[in-house]
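Let's walk through this structure together, one piece at a time. Keep the viewer open as you read.

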Amino acid sequence: MNGRELHFHLAGINNQNFLMRDEETGTYWQQVTGAAIAGPLKGQHLTLLPQDELTFGLWKSAEPNGTVLAPLPLYASKYEKADWESEYSKLPTVIHAAKGTLADRETILGVVRNGAAQAYPFSSLTVQSPVLLDKLGGEPIMLVLGPDGKSVRVFSRNLGGNTLEFYGRSAAKVGDPWALFESASLTEWSFDGCALSGELKGQCLARIDALKDYWFDWEHYHPNTAIFRH
Amino acid sequence: MPALWLLLASLATLALAAYPMYVIRPFREQTPAALDRALWVLLHNKPILLILALAITTLALMVWRRAGWVSRLFLAPSIAFVLLASVSAWINPYEHMFHPFGEPHYIAAQQAKLEASDMVIAVTLGGESRAYPIREMGYHHVVNDRLHGLPIVVTY
């Protein structure tokens with residue numbers, strides 16, 4: 001932050017999203033927005049780095065020389081169980097979504113383009129239908145479910161001023177051969193959003209930040225959000 | 001009766017110290033106004049509670065010398081409560097929940113004992129990639145780290 005290295009720790013909770021505090025200035029920060037909400041740095045924002053939420057298997061095949069955060073053995077017994085997501089989806093919430101037909105704890109992918117926010121329920125993407133084309137804030141975008149059936153990436157479909165159309169190879173189940181095609185050229189593209197053949201070979205679509213969140217939390221911070229419908 | 005007033009002032013001091021913990025507690029809605037007040041108290045409570053504790057303790061000790069045993073029954077808890085309140089300003093229980101991660105250590109991707117289907121948060125900077133297992137992050141919530149020389153904080 002402004003040339004100063006800060007160290008954060010958990011310091012409280014605000015409507016089921018946690019507050020952090022930095023050791024250096026004592027400022028309180030909201031985790032989901034990265035905004036300083038009280039204290040000396042109030043009004044500042046942490047810079048969101050590009051990041052991915054994906055399965056370990058898919059990450060390891062893409063980054064064989066990568067490193068993994070080691071667990072702390074003393075606390076390993078407190079780490080979440082493999083089925084934690086379905087357990088958490090049953091927990092009550094303290095604030096409730098004001099509109100829409102989604103349940104408070106429906107898992108969505110939140111995307112913002114040019115001030116327009118939209119929530120895409122994870123259930124809109126399936127291995128049978130892994131590609132979702134949309135336009136948000138005037139920008140043609142695409143959500144793609146990866147070969148692991150769990151990771152979702154969002155791309156701009158605008159490449160050099162042209163809007164591209166895509167479709168995925170439908171699979172019957174996770175693990176079936178995965179492929180992404182551009183409709184006009186019928187060329188194959190990777191989950192990194194890059195053309196693997198044809199005239200555009202080597203060119204890549206721009207990645208778009210997306211937040212995997214519960215619907216109630218996304219709506220709380222994006223009150224004007226729309227909900228994607230097919 | 002000064003002893004009674006001192007006891008009330010002491011309880012008010014304790015209430016002030018407890019207010020942020022009451023507002024920022026889990027499983028309860030936080031309204032923006034209450035959260036602002038609670039964080040204001042957390043940011044300013046140390047000098048305020050220290051001055052209140054000193055003032056109330058001094059007054060209570062002054063009254064104590066001339067007080068009867070009934071008054072002393074009020075004065076003793078007055079001193080205890082303000083001392084408790086001022087000490088609590090240095091302790092935020094929420095900052096000690098979930099063990100802070102401390103200095104991170106790493107395992108090579110090929111050696112990590114994770115299921116292929118376990119989710120991770122992956123950050124890649126300048127060709128260096130690091131995975132933060134979500135089941136681990138779901139407990140610790142915050143990890144301060146450096147990647148490719150850049151100080152980062154990974155949160156979940």
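Before we start, a residue is called buried here if 20 or more other C-beta atoms lie within 10 Å of its own. Please also keep in mind that this is a predicted model.

With that in hand, turn to helix 1 of chain B, residues 2-23. Its buried residues are B:Ala3, B:Leu6, B:Leu7, B:Ser10, B:Thr13, B:Ala17, B:Pro20 and B:Val23. An α-helix has 3.6 residues a turn, so residues three or four places apart point the same way. What covers the buried residues of helix 1 of chain B includes helix 2 (32-66) and helix 3 (69-88) of that chain.

Now follow helix 1 of chain B along its length. The helix has 22 residues and reaches 31 Å from its first C-alpha to its last, close to the 32 Å expected at 1.5 Å a residue. There is a kink of about 35 degrees at B:Ala17, shortly before the proline B:Pro20; both of these residues are on the buried list.

Next, move over to chain A, which is divided into domain 1 (1-48) and domain 2 (107-227). The C-alpha centres of these domains lie 30 Å apart. Their contact takes six residues from domain 1 of chain A and four from domain 2 of chain A. On the domain 1 side, the touching residues are two nonpolar and four polar, with no charged ones.

Finally, look for an open sheet of three strands in chain A, with the order 14-15-16 and antiparallel pairing. Strand 14 (166-168) and strand 16 (188-189) stand at the edges with a single partner strand each, so one side of each is left without a neighbour in the sheet. Strand 14 and strand 15 (residues 180-182) of chain A pair over three bridges, and A:Phe181 in strand 15 is the bridge partner of A:Tyr167.

Methods
Residues numbered from 1 in each chain as written. Chains lettered and ligands numbered in written order. Predicted model: local features only at pLDDT ≥ 70, side-chain atom pairs only at ≥ 80, totals over all residues. Helix = DSSP H or I, 4+ residues; strand = E, 2+ residues; numbered from the N terminus. Expected span 1.5 Å × (residues − 1). Bend = angle between axes of the 7 residues up to and from the residue. Buried ≥ 20, exposed ≤ 12 C-beta atoms within 10 Å, placed from the backbone. Contact = placed C-beta atoms within 7 Å. Domains from an automatic or database assignment. Nonpolar A, V, L, I, M, F, W, Y, C, P; charged D, E, K, R; others polar. Pairing = 2+ DSSP bridges.
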